[in-house]
Protein chains: 2
Amino acid sequence: MLAWTCPAPLRDGPRVVMGHGGGGALSAELLEQVVLPGLGEAGPGALTDAAAVELGGARLAFSTDSFVVRPLFFPGGSIGDLAVNGTVNDLAMSGARAAFLSCGMILEEGVEIDTVSRVAAALGEAARTAGVRVVTGDTKVVESGHGDGVYLTTSGIGLIPDGVDLRPERVVPGDVVIVSGSIGAHGVAILSERENLRFGVEIESDCAALGGLVRDMLAVTPDLHVLRDPTRGGLAASLNEIAAASGTGVVIREGAVPVPEPVANACAVLGLDPMYVANEGKLVAFVPREHADAVLAAMRAHPLGAEAAVVGEAVPEHPGMVVARTGLGGTRVVDLPLGEQLPRIC
Amino acid sequence: MLAWTCPAPLRDGPRVVMGHGGGGALSAELLEQVVLPGLGEAGPGALTDAAAVELGGARLAFSTDSFVVRPLFFPGGSIGDLAVNGTVNDLAMSGARAAFLSCGMILEEGVEIDTVSRVAAALGEAARTAGVRVVTGDTKVVESGHGDGVYLTTSGIGLIPDGVDLRPERVVPGDVVIVSGSIGAHGVAILSERENLRFGVEIESDCAALGGLVRDMLAVTPDLHVLRDPTRGGLAASLNEIAAASGTGVVIREGAVPVPEPVANACAVLGLDPMYVANEGKLVAFVPREHADAVLAAMRAHPLGAEAAVVGEAVPEHPGMVVARTGLGGTRVVDLPLGEQLPRIC
């Protein structure tokens with residue numbers, strides 16, 4: 001995912017830095033000041049994580065994501081799981097049920113065939129779990145030292161149901177902010193594996209496909225306002241994107257945001273803020289107040305929403321800004337991160 | 001493109017080699033013996049360059065390609081042109097008119113912002129020329145030394161017109177084989193630029209979008225049997241794929257295959273066979289004999305088909321095999337290449 005819609009001041013130096021891939025302000029800047037003008041597409045919001053397009057009378061969502069995660073296999077998942085679930089989730093955030101996926105692989109010369117086989121098996125298993133089929137693909141090979149084993153790019157298409165129109169512009173003050181579960185596990189799992197850190201219990205990525213959860217939410221009402229899966233940049237980036245695009249303020253009750261104790265402990269040791277840590281199987285929803293209780297109940301009835309919680313609301317004050325109420329009655333601004341705290345998290 | 005459908009003997013060692021990305025027998029082997037079993041998809045032909053899928057009552061083509069060409073800019077085009085035209089052409093080969101593209105970028109830390117900007121501009125210009133829109137995307141960054149400036153993966157969707165059913169299985173003996181123009185320019189252009197070779201005149205890539213040409217061909221008759229764009233592995237790979245999948249033989253009159261003199265000269269110097277050199281703006285069509293003259297005329301009336309020529313036919317003899325009649329009255333077998341003669345040609 002990329003913060004396609006967030007305005008940011010000019011910071012582009014003459015060269016690409018790691019933060020340009022972090023899903024925060026630097027990513028938004030690269031998109032809006034370099035990529036979009038090059039493409040000739042008009043202004044912020046011209047590209048979205050999942051585009052809604054009309055084709056042959058069908059209303060489709062179309063999405064793509066590249067995956068460069070290190071390591072390829074980690075507790076709770078692999079690059080193959082991320083590639084399927086990331087694209088399925090981008091489609092789900094537009095209300096679409098993913099139907100078909102494509103997969104482009106860039107392999108590095110010298111990578112073990114067995115590794116490619118394990119990645120393909122992970123792709124296949126994740127696709128079956130998500131109820132989607134990989135129907136087309138491509139493979140390229142680059143010389144040893146010009147890749148990292150396996151890079152994947154998945155794209156997906158799915159139908160957007162009638163009456164569903166999920167966009168941050170639809171958010172209004174009074175909307176209730178619900179997260180589908182606890183945050184921070186994916187980023188901490190990757191970092192732990194990469195740096196060989198141990199925190200007593202093994203923390204597993206939350207990587208999962210959210211299509212079924214979204215379908216159950218939309219069965220309560222098609223009139224949800226916006227959904228986002230807080231991947232790179234974490235919940236903070238998603239909330240900032242929504243606040244900026246909707247022009248409303250967002251208030252979060254910090255203590256209401258579920259963070260598992262091992263994740264909280266690991267973040268404390270590592271100096272990370274869970275609000276900025278990537279997730280791969282969570283969503284945040286802005287729901288009209290009158291539907292919030294029913295939507296929350298439907299989420300809690302789904303295995304991937306069992307820990308769903310109301311964490312805040314959209315407000316007329318401080319438009320475009322996200323503020324957290326802390327446990328002590330204070331408030332702090334939750335900024336859009338400049339980049340991702342952990343490079344190559346997905 | 002990848003030789004998705006070509007059977008090949010087991011050659012997989014324990015590690016990926018450059019030839020696995022070459023679009024020949026090694027690519028087919030990786031696909032059929034490693035990727036497809038991993039995905040759990042059934043056997044050869046389960047994945048195609050462009051999948052035909054039904055969604056919401058619409059008959060769609062869906063395709064993806066990754067691009068790792070070196071250098072990023074070359075005479076006649078760039079990675080941006082390849083990324084748009086390659087995906088547009090894969091869709092066109094299924095008869096579909098490309099409507100929407102996605103683009104995933106994997107950038108290398110340290111690449112100049114100006115390079116990214118030029119790639120984005122090339123993408124935009126190629127998309128406008130092809131009449132397609134880039135509607136969604138993603139950007140990732142990998143550390144310096146783990147990429148090559150810019151890798152792109154484009155996916156595309158388009159509508160398949162009613163009555164169009166382009167598949168190699170539809171080829172029957174008697175079908176006329178037509179190529180849309182002269183072959184070999186792309187591969188020679190890339191190699192010349194990469195190795196700083198000069199052959200008197202600058203040879204430019206033929207990189208172009210073939211959607212309009214295919215539309216004009218289908219206007220003559222929707223009953224074309226199969227189309228292929230001979231990219232990696234050249235015309236030889238495309239003909240072998242079609243022969244293998246259709247179970248017919250293919251006979252080519254070697255002298256009828258148009259090769260520009262500078263390309264022929266360069267190939268002679270470099271020890272390359274033009275039949276195996278990649279193209280990026282050409283197609284080969286298997287056309288029912290009764291429609292061949294009219295289709296050829298329609299192709300020649302299009303700027304990208306001005307040099308179209310009948311080069312051979314499908315025959316009942318030597319099923320699955322491609323044979324070339326040489327100028328001296330002899331014949332030679334045109335094998336499926338093991339890999340691409342030139343790595344990272346697209």
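I began with Phe62(A), which is buried, as is Phe62(B); buried here means under 20% relative accessible area, exposed over 50% and partly exposed in between, with a 1.4 Å probe and protein chains only. This is a predicted model, where local features need pLDDT of at least 70, side-chain atom pairs count only at pLDDT 80 or more, and totals for chains, interfaces and linings use all residues. Side-chain values use heavy atoms, with hydrogens and water left out; residues are numbered from 1 along each chain as its sequence is written, while chains are lettered from A and ligands numbered from 1 in the order in which they are written.

**Aromatic pairs.** I searched the whole structure and got 2 aromatic pairs over all chains. Rings of Phe, Tyr and Trp (its six-membered ring) pair if their centres lie within 6.5 Å; planes under 30 degrees apart count as stacked, over 60 as edge-to-face and the rest as tilted. The rings of Phe62(A) and Phe62(B) have centres 6.5 Å apart and planes at 80 degrees, so I noted this pair as edge-to-face. Each partner sits in strand β2 of its own chain, so the pair joins two chains. Strands (E, at least two residues) and helices (H or I, at least four) are DSSP runs, numbered from the N terminus.

Next came Tyr151(A) and Tyr151(B): with centres 6.5 Å apart and planes at 50 degrees, the pair is tilted. I found Tyr151(A) and Tyr151(B) both buried.

**How the copies relate.** I superposed chain B on chain A: a rotation of 180 degrees with 0.0 Å of shift along the axis does it, at RMSD 0.0 Å. The two copies are thus related as by a two-fold rotation axis.

Most residues other than glycine have a negative phi, and most peptide bonds are trans. I looked for exceptions and found a cis bond between Arg70(A) and Pro71(A), with omega about -10 degrees. Pro71(A) is in the loop between β2 (58–67) and β3 (73–74) of chain A.

Asn196(A), not a glycine, has a positive phi of about 60 degrees, and is exposed at 57% relative accessible area. Arg344(A) also has a positive phi, about 50 degrees, but counts as buried at 5% relative accessibility.

Methods: Least-squares fit on C-alpha atoms with pLDDT ≥ 70 in both.
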